[in-house]
Amino acid sequence: SIDYLETLEKDVTITVLADEKNFTSYGGYYTQAIEVINKYQQYSDRVTVKYVDLVKNPTFVTNYPDLEMVNYDILVECGERSKVVKLTDLFNIATSSYYQYIASSKAEQVMTSAIMGVVSDERIKVAVATGHEEYSDVGLVALLEQNNYDIVEINLNAEAIPEDTDMLLII
């Protein structure tokens with residue numbers, strides 16, 4: 001991530017939709033996630049990190065009518081491109097018999113991927129085929145989306161493969 005940040009040629013803004021003290025009050029992995037996010041501006045003068053408390057500034061999200069954002073989401077922006085990172089995206093969640101818990105952090109990978117996605121002018125469009133009882137691999141599609149692929153579903157019974165499709169995924 002540090003090597004990548006040294007090559008940044010565009011300005012990136014990371015907006016954490018929470019008060020920093022509230023975010024870190026949960027301790028452990030939450031504190032680590034904020035420390036990781038704050039390091040991005042330390043390693044690149046092209047990255048700015050700011051905090052917006054939606055309780056005190058609820059109208060902030062109205063500036064982004066096409067995005068769904070709630071408290072503790074993270075908005076990554078570069079020019080006209082933006083990506084919302086959900087708080088839960090920063091962690092690997094495990095499930096025991098009785099509850100879910102954070103097993104580990106993936107904050108650095110997720111944040112660097114989000115930055116790459118908003119900075120890059122190239123997007124790979126993946127069409128996921130439906131209509132022939134294909135298997136639905138939600139995890140694979142989510143992984144592709146997290147890594148900045150544009151995903152569209154197409155029903156091969158009813159529509160043609162779009163010409164701008166780079167990859168057709170039939171599961």
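A definition comes before the first item. A patch here is built from residues with over 30% relative accessible area and no salt bridge, and nonpolar side chains are joined into a patch when they lie within 5 Å. Keep in mind as well that this is a predicted model.

With that in hand, look at Tyr-98, Tyr-99 and Tyr-101, which make a nonpolar surface patch of about 430 Å². Where does Tyr-99 lie? Tyr-99 is in the loop between β5 (91–95) and β6 (100–105). The relative accessible area of Tyr-99 is 49%, so Tyr-99 counts as partly exposed.

Now the overall layout. The protein chain has five helices and nine strands. Read from the N terminus, the order of elements is α-β-α-α-β-β-β-β-β-α-β-α-β-β. The C-alpha trace spans about 50 × 45 × 35 Å along its principal axes. The chain has 171 residues, and 35% of them count as buried.

Next, salt bridges. In general, side chains of opposite charge can pair when their charged atoms come close. How many salt bridges does the count come to? The count comes to four, and I will go through some of them.

Start with Lys-10 and Asp-121, whose side chains meet in a salt bridge at 3.2 Å, N to O. Lys-10 sits in the loop between α1 (2–6) and β1 (12–16), and Asp-121 in the loop between α4 and β7 (124–130), so this pair ties together parts that are 111 residues apart in sequence. Is Lys-10 partly exposed or buried? With a relative accessible area of 30%, Lys-10 is partly exposed. Asp-121 has a relative accessible area of 65%, so Asp-121 is exposed.

Another salt bridge joins the side chains of Asp-11 and Arg-46, at 3.1 Å from N to O. This pair also links distant parts of the chain: Asp-11 is in the loop between α1 and β1, Arg-46 is in the loop between α3 (28–43) and β2 (47–51), and they are 35 residues apart. Asp-11 is partly exposed, with a relative accessible area of 49%. Arg-46 is partly exposed too, with a value of 31%.

The last one I will show is between Asp-164 and Lys-125, where the closest N and O atoms are 3.0 Å apart. Here the link runs from Asp-164, in the loop between β8 and β9, to Lys-125 in strand β7, and the two are 39 residues apart. Is Lys-125 buried or exposed? The cut-off for buried is under 20% relative accessible area. Lys-125 has a relative accessible area of 18%, so Lys-125 is buried.

Rolling a probe the size of a water molecule over the atoms shows where empty space is left.

The largest pocket holds about 270 Å³ of space. It is lined by 14 residues, and those closest to its centre are Lys-83, Val-85, Asp-89, Val-110 and Gln-146. Which element gives the most? That is α4, with four residues. Sorted by class, the lining of the largest pocket has five nonpolar, four polar and five charged residues.

The second largest pocket has a volume of about 150 Å³. Its lining includes Arg-81, Ser-82, Lys-83, Arg-123, Glu-145 and Asp-150. At least two residues of this lining come from each of β4, α4 and β8 (149–155). By class, the lining of the second largest pocket divides into three nonpolar, three polar and five charged residues.

One more residue, and then I am done. Leu-156 is in the loop between β8 and β9 (167–169). At 29% relative accessibility, Leu-156 counts as partly exposed. How far apart are Leu-156 and Thr-112 in sequence and in space? They are 44 residues apart in sequence, and their C-alpha atoms are 35 Å apart in space.

That is the end of the walk-through. Thank you.

Methods:
Residues are numbered from 1 along each chain as its sequence is written. This is a predicted model: local features need pLDDT of at least 70, side-chain atom pairs count only at pLDDT 80 or more; totals for chains, interfaces and linings use all residues. Side-chain values use heavy atoms; hydrogens and water are left out. Patches are made of residues with over 30% relative accessible area and no salt bridge: like charges are joined within 9 Å, nonpolar side chains (Val, Leu, Ile, Met, Phe, Trp, Tyr) within 5 Å. Accessible areas come from the Shrake-Rupley method with a 1.4 Å probe; for residues, only the protein chains shown count as cover. Buried means under 20% relative accessible area, exposed over 50%, partly exposed in between (1.4 Å probe, protein chains only). On a 1 Å grid over the protein atoms alone, a cavity is a set of points where a 1.4 Å probe fits but cannot get out, and a pocket is an open set with protein on both sides within 12 Å along at least five of seven lines; lining residues have an atom within 4 Å of a point. Grid points are joined across faces, edges and corners, and a volume is the space filled by probe spheres set on the points. Ala, Val, Leu, Ile, Met, Phe, Trp, Tyr, Cys and Pro count as nonpolar, Asp, Glu, Lys and Arg as charged, and the others, Gly among them, as polar.
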